[in-house]
Amino acid sequence: MGATAAQYLQQLDAGRRPDLPETTTGTLRLDFRGDGCTDHWYLTIADQHVRATRSADDADLVVRADRTTFDRMANGDLHLAQALLSNELAVQGDLRLFTLLRRIFPGPSGARHPRELGRAAVAGRAGSTGRGERP
């Protein structure tokens, strides 16, 4: 297994993240349960930047799961939506921020953006006729 979710959040780059919408702002608290205690991570999103700190303050969205679930998400082994639908995590608050969380945690290794797949398919069709026209 790779890095833990806590290690991933500690190393989270505070630089600009162009994959986040420019106008979205909010706070998220991630509650990692395990070993008889709960660790709280507080994420602040503003101006395409994410800042992670340790805090149990109230947030616009609270996501609760066991530590193993968060670790699997941090390693790209578990997609956020899959964890929600399989009842491995619980959310409370502004669900619009939940969609941003999937952009903060990495996706599965080898995954590609749907636009990349579409471009590759179009390029493959264009290459098969030799002139960029449809067969």
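Thr 69 lies in helix 2, where helices (H or I, at least four residues) and strands (E, at least two) are DSSP runs numbered from the N terminus. The structure is a predicted model, in which local features need pLDDT of at least 70 and side-chain atom pairs count only at pLDDT 80 or more, whereas totals for chains, interfaces and linings use all residues. Residues are numbered from 1 along each chain as its sequence is written, and side-chain values use heavy atoms, with hydrogens and water left out.

With a relative accessible area of 3%, Thr 69 is buried, a term that means under 20% relative accessible area, as against over 50% for exposed and partly exposed in between (1.4 Å probe, protein chains only). When its neighbours within four places in sequence are left aside, Thr 69 is in contact with Leu 78, Ala 83 and Glu 88, contact being defined as heavy atoms within 4.5 Å. Helix 2 itself lies across strand 1, strand 2, strand 4 and strand 5, and runs at about 105° to strand 4; axes here are lines fitted to C-alpha atoms, for helices over the stretch in contact, and angles run from 0 to 180 degrees between N-to-C directions. Helix 4 packs on the sheet as well, touching strand 1, strand 2, strand 3, strand 4 and strand 5, with a direction that makes about 70° with that of strand 1.

The protein chain contains 5 helices and 5 strands, which follow one another along the sequence in the pattern α-β-β-β-β-α-α-β-α-α. The 5 strands form an open sheet of mixed pairing in the order 3-2-1-4-5, two strands being paired if DSSP finds at least two bridges between them. Strand 3 (49-54) and strand 5 (89-93) are the edge strands, each pairing on one side only, and neighbouring strands of the sheet are turned by 20° against each other on average, direction ignored. Strand 4 pairs with strand 1 in the parallel sense over 6 bridges and with strand 5 in the antiparallel sense over 5 bridges. Within these pairings, Arg 64 in strand 4 stands opposite Asp 31, and Arg 64 also stands opposite Ala 90 in strand 5.

Phe 32 is found in strand 1 and stands opposite Ala 65 in strand 4. Phe 32 counts as buried because its relative accessibility is 1%. Beyond residues up to four places away in sequence, Phe 32 touches a set of residues including Ala 5, Leu 9, Trp 41, Ala 65 and Phe 70. Although 34 residues separate Phe 32 from Asp 66 in sequence, the two are 5.3 Å apart in space, C-alpha to C-alpha.

The largest nonpolar core has 27 residues, of which Leu 30, Leu 43, Val 63, Phe 70, Met 73, Leu 89 and Leu 101 touch the most other members; such a core is a set of buried Ala, Val, Leu, Ile, Met, Phe, Trp, Tyr and Cys residues joined through side-chain atoms within 4.5 Å. Among the elements that give two or more residues to this core are helix 1 (5-10), strand 1 (26-34), strand 4 (61-66) and helix 2 (67-74), while the largest share, 5 residues, comes from helix 4. Leu 101 touches Leu 28, Leu 30, Leu 43, Val 63 and Leu 80, residues up to four places away in sequence not being counted.

Of the 135 residues of the protein chain, 29% count as buried.
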